[in-house]
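Have the viewer open as you read.

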Amino acid sequence: MAAKALKFGSIALAIAIAPMGLPAFAQEATENFTVIIGGTNVGHLDVVRSGDTVRIDYDYKNNGRGPTMKEELKLDPKGMPVSWKITGNSTFGNAINESFTMQRGTARWTDSTGSGTARPKGQAIYVAQEGSPWAAGLYARALLADDDRSIPALPGGALSLAELEKVQVTGTSGAMTVTAYALSGNDLDPSYFLLDDKGALFAAISPRAVFVRKGFEGEDIRLRDLAVKYSTERFVKMQAKAANTYKAPVRITNVRVFDPVAMKLTEPKSVLVSGRHISAVLPANSPATPGEVTIDGEGGTLVPGLYEMHGHIGQEDAMLNVLAGITSVRDMGNEIDVLDGLIERIDSGVLAGPRIIKSGFIEGKSPFSSNNGILVNSQQEAIDAARFYAARDYQAIKIYNSMNPEWIPALVKEAKALGLHVMGHVPAFTNADAMIAAGYDEMTHINQVMLGWVLEPGEDTRTLLRLTALKRLPALDLNSGRVNATIRAMVDNKVTIDPTFAIHESLLLSRNGVINPGMADYVDHMPVGVQRSAKQAWANISGAADDKAYRGAFDQVAATIRKMHESGIFLLPGTDMGGSFTYHRELELYQKAGMTPAQILRRATHDMAQYLKQDQSLGSIEKGKFADFFLIQGDPTKDLKAIKAIRLVARDGVFYYPSEVYPEFGIKPFATKPKVKLPK
């Protein structure tokens, strides 16, 4: 499903009080940009300025989906918006109808969360919920004219701009010098973009995607590398501040340890760490030895590091996952070079991040391809892709939507001969039963299985249909022959499933103006941009009938996952939403499948280590195993929500205190740091 929609320059703005000293704004101009994802041109942004009016046409499609938007702005003499209208559809289909006006000192806006007004006393930037990357040039116009390059934002927070470096670029029109900037304040991470020498937007960049001025598409790889560089520099600094590598044994006193095999807490213990490993688990009153670091657990609970089984890991996710107690992530498809570089930086200690288990992404080439991993045109190319991944220490392959179903049996046979685990989506124009028969070890996403029970022959799931067709689920009889046949085939063939429960909750239950139920426990701690997105629907809920159908679909999804669990099908917890806070919600939802908190924690720790054949070194807190665990204050076997307030995380013997790091992301901490006593 790949939920992380790419949003270049997701902050659009309007200036409530126009600053003085802005450069002259061109009255007549046309600008054209290309959207490139994974090296493939997937869309456009065209801008036409005439007098005080700007009209924008923005559209890109990757993996069968993407935003389609129109914008119209009216500008004041300084080139700042006095009105802004944004219409269209978001990546997953939600209708966009956003507006902003500034009249007589009063700012008014309407977005998916509702309407608001403000009368700012000084300068203030309206941060739009939707909007194209072109707005980055407007950010710069206001912020570059401000003395400290920081301006309060509406509805809240502030935006700030930092200049990074000058860059030489070459296109069809020749060479030019552009300047790179980082914009911060609205979201968890900065966004990066480049301006030309006249202050106009040249490109918005990220490690996976680039939005660039037409004629400069050849700079794609270098611009993505710049995004990696800027992001790396930020996280290297954060790691240097946050990582505590004690040059002495560490004794964590007065804690109870969650035993995932017994599924209960131990009596009070002291846990000792020496280097990367747990050196002892002792009675609480065991005497300390000279020169130890002592951490007072204050009667809390140590939990083994969690496994996120459906990630598409990037630098922006890496540290946040560790801070959430997720010390291992199974990557389900990524840019090969990007992933290898990230693993190298994590393993060397330059960056904080989880242990990464690599899965090779294999996709067929089509107009609906997900531009990720290796794209293939034939059965032989698919087989060669499996061989490529096996030679590079990948543990599995993941098959995707545009693969020709006729190629699957031969691909699966070769992959298994190479010792690779086989999993994936159900390609278009087939069903889960056929993939099980072909030899899948694991199904990916619950909707991929359930669609086979409601689709008509010939319907194309390479599009948003694989999501919108879930509206048909309420009419499905979960005790019907076709449902039972699929579940029986999964049981008989020992096929597991990574259902991604939380992403289906977000898709089916998020509504404009209402906090997404999966975010309710943590949204108040987040930056303003995240808080607003929490009140934004994913799907296009056009009326009461849609609302009822999507809610009924989630009930059917939950009932199906429970039926699978009760039938003996092994469930794997993963999010496809970046892990971190969403992973905590994923585990919480497993209670709807009939699992107890203790069973869920066992599944997320010991069982996943065993599934991945890592249980000799991970999955529990025992002498000789890697020091991957986290400290909480409550008892998670009674209340699973206790795992959401983490005081300490150890990852490979390096200690992190989330309360010290979260402010770097604009997050208000959830728990305090425990008392740490260093040796004299």
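Predicted model: local features only at pLDDT ≥ 70, side-chain atom pairs only at ≥ 80, totals over all residues.

Searching the whole structure turns up three cavities of 30 Å³ or more. A cavity here is a set of points, on a 1 Å grid over the protein atoms alone, where a 1.4 Å probe fits but cannot get out; lining residues have an atom within 4 Å of a point. Grid points are joined across faces, edges and corners, and a volume is the space filled by probe spheres set on the points.

Residues are numbered from 1 along each chain as its sequence is written, and side-chain values use heavy atoms, with hydrogens and water left out.

The second largest cavity holds about 50 Å³ of space. Its lining is made up of Asp521, Tyr522, Phe581, His584, Lys644 and Phe670. That splits into three nonpolar, one polar and two charged residues, counting Ala, Val, Leu, Ile, Met, Phe, Trp, Tyr, Cys and Pro as nonpolar, Asp, Glu, Lys and Arg as charged, and the others, Gly among them, as polar.

Asp521 and Lys644 come up again in a network of salt bridges, together with Glu505, Arg585, Glu588 and Lys641. A salt bridge means a side-chain nitrogen of Lys or Arg within 4 Å of a carboxyl oxygen of Asp or Glu, and the model has 39 of them by that rule. Here are some of the pairs:

| Salt bridge | N to O distance |
|---|---|
| Arg585 – Glu505 | 2.5 Å |
| Arg462 – Asp460 | 2.9 Å |
| Lys673 – Glu660 | 2.9 Å |

Take Arg585 and Glu505, which meet in a salt bridge. They link distant parts of the chain, 80 residues apart: Arg585 sits in helix α14 (residues 581–589) and Glu505 in helix α11 (residues 501–509). Helices (H or I, at least four residues) and strands (E, at least two) are DSSP runs, numbered from the N terminus.

Are these two buried or exposed? Arg585 counts as buried because its relative accessibility is 14%, and Glu505 is buried too, at 2%. The cut-offs are under 20% relative accessible area for buried, over 50% for exposed and partly exposed in between (1.4 Å probe, protein chains only). Arg462 and Asp460 are both buried as well.

Now for Lys673 and Glu660, also joined by a salt bridge. Lys673 lies in the loop between α16 (658–661) and β33 (676–677) and Glu660 in helix α16, so the pair ties together parts 13 residues apart in sequence. Lys673 is partly exposed, at 34% relative accessible area, as is Glu660, at 39%.

How values were computed
1 Å grid on protein atoms, 1.4 Å probe; cavity = no way out; pocket = protein on both sides within 12 Å on 5 of 7 lines; lining within 4 Å.
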